[in-house]
Amino acid sequence: MKTFSVSKAVTALMLAGLVVLPLYSNLSGNVFILTLFTRIVILALAAASLNLIMGFGGMMSFGHAAYLGIGGYAVGMLAQEGIGSGFIQFPVALAASAIYALVIGTLSLRTRGVYFIMITLAFAQMAYYVASGLARYGGDDGLTVYKRSDFSGLINLSNRTQFYYLCLACLFAVIFLIWRIVNSRFGLVVQGLRSNEQRMQAIGFPAKRYQLVCFVISGTMCGLAGALLANNTDFVSPAVMYWTRSGDLMVMVILGGMGTLFGPVMGAVVYLLLEEFLSQLTEYWALIMGPLLLLIVLFGRGGIMGLLGRLNRG
Amino acid sequence: MLLVVEQFLNGLQFGLLLFLLAAGLTLVFGIMDLVNLAHGSLYMMGAYFAATFAAWTGSFLLGALLALGATLVLGIVLEMSALRHLYGRDHLDHVLATFGLILFFNEAVRLIWGPAGLALPLPAWLTVPVPILPGIHYPAYRLAIIVVALLVALLLYLGVMRTRIGMLIRAGASNREMIGALGINIKLLYTLVFGLGAALAGLAGMMQAPILTVQIGMGENILILAFVIIVIGGIGSIRGAFLAAIFVGMIDTLGRAFLPNLLRQVLSGAAASTAAPALSSMLIYLLMAIVLVVRPEGLFPANRR
């Protein structure tokens, strides 16, 4: 086994960069970059959670943005009702996401392939319309979160640096958890189901139950990202759940490298930085972004991680 | 009574329009095994082309005809330049690549036509109400949509079931290698099918255009409805798409029209008026979930491969 590889080096460099970023931001006085990267880290968390079911479990969910909304609305609604404590808001956000994942997972996992993609999409659209109908909580216009989650002095979410490190800690914790899951017996079964469901079932594994548990874990993780995102933007609206959002998350995962531990983080960083860069370059940034995605699909097998792996061998 | 008949016809009209969109989608899906998210963009382009050409020529019909040709050509160019390379790839690749195409088309439209929507005014002879039953009038244009869509559906059915090209298309759907081995130019066939699907989507877009405004992103919501339809109807089945489209059109329209009143019988006025819009938007997704749970392959699955 090689001790050095390009992909490992690049990953380490990226992670180190994420850790020291606030230092740079504080020294240079560039506040914007910290705000941008807080968003990137949160969406990287969401992408990593999607990667757990998509990359390792082979379940192509096209409705993952729904959890971003559910987590966000849990925070927003509780804040609106006067419950500002993060110790209540975050567990509720996670529990709500888990319950939603349990229900739609039970139904969706009866189907496979394209049907699975479509049914998860349909459920996310349903969640979108439910949120649009919540007149008490802003309906279509969304809900402003006037006060960020309060962790009774333990950590101050209104402090940019502290909030950034909280998000980064959550991201690392989730990636560590995914690493443990993927290498556990449970994770090996789920990956086996991706390769050959029939064979796994023949050996005697209850396929659907394993997949469902994986689906719920992933949804709960993404709910955490949703709760953080609502705190980051001080706002939550149905648009968070719109299907193009789910598409964005899928793009991040595939761009970074599906089924790799750090690929989604890489994908989120590159995708969102590219979006930022192109939108500063021209108002019509999507005109470049769209064909770029097409090219990545056509020529970039395995995403950035795959590319780095090939660099190493070549 | 008047309202019931009117909403019933509206539902039929919307369902037929959805069928035009879903037919192209299900053909491309069933035959090339390609998930084309950009189908909604072709719908949008159809509407923009029609609005532009109608303004240039000053004639609604001529504009629509030119726009139909333009979407056909656009579809063929799109297939030959990009989508052709996606056949046989993973469905996920299709989703990602065509997602990129949506971004591109939306932005291109913004660049060319500007962010504000366009209007496609109807000629005078299509705006008159037509008596359909004694005492009941219905807008001529909506009636025209029903007639045109039914005609297209019939032509499509005859074309696929009764002509040589249709036979080749069906053969290509059931076994791609075999028909290639028999000396049929499968590439050309696929390009034709894609162009046909694009033209159908464009037709749906330009027919919907006078009712709604022509705007960026108009294809996205309706695309999801079309996906719901082909999933309910069974992927690759035109008959399934037809029945499911009518079904979805009816449920959506009737739900929006009558659900608020129904809910008001059960709930208090305020609660009903807030719950009704969300519930009626959810209805079809609920329907799709139920269908998939009961019959995971859709109601009318096409022949298995």
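1. Helix α1 of chain A covers residues 6–28 and helix α2 of chain A residues 31–56; they pack at an angle of about 160 degrees, with axes 9 Å apart. Axes are lines fitted to C-alpha atoms, for helices over the stretch in contact, and angles run from 0 to 180 degrees between N-to-C directions. Helices (H or I, at least four residues) and strands (E, at least two) are DSSP runs, numbered from the N terminus.

2. This is a predicted model: local features need pLDDT of at least 70, side-chain atom pairs count only at pLDDT 80 or more, and totals for chains, interfaces and linings use all residues. Residues are numbered from 1 along each chain as its sequence is written, and chains are lettered from A and ligands numbered from 1 in the order in which they are written.

3. In α1(A), L18(A), L21(A), P22(A) and S25(A) meet V31(A), I33(A), L34(A), F37(A) and V41(A) of α2(A). Contact here needs C-beta atoms, placed from the backbone, within 7 Å. By class, that contact has eight nonpolar, one polar and no charged residues. Nonpolar covers Ala, Val, Leu, Ile, Met, Phe, Trp, Tyr, Cys and Pro; charged covers Asp, Glu, Lys and Arg; the others, Gly among them, are polar.

4. The contact between the chains takes 36 residues from chain A and 36 residues from chain B. On the side of chain A that touches chain B, α5 (114–132), α10 (243–256) and α12 (286–299) each give two or more residues. The largest share, 13 residues, comes from α5(A). By class, this side of chain A has 28 nonpolar, seven polar and one charged residues.

5. α10(A) is mostly covered, with 13 of its 14 residues buried. Buried needs 20 or more other C-beta atoms within 10 Å of the residue's own; 12 or fewer is exposed, in between is partly exposed, and C-beta atoms are placed from the backbone. G257(A) follows α10(A) and has a positive phi, near 130 degrees.

6. P123(B) lies in the loop between α4 (91–113) and β1 (129–133) of chain B. It counts as partly exposed because it has 13 C-beta neighbours inside 10 Å. P123(B) and G58(B) are 65 residues apart in sequence and 9.7 Å apart in space, C-alpha to C-alpha.

7. Helix α3 (residues 60–81) and helix α8 (residues 186–208) of chain B pack at about 140 degrees, with their axes 7 Å apart. α3(B) and α8(B) are therefore oblique to each other.

Definitions and conventions: Contact = placed C-beta atoms within 7 Å. Parallel < 35°, antiparallel > 145°, perpendicular 65-115°, else oblique.
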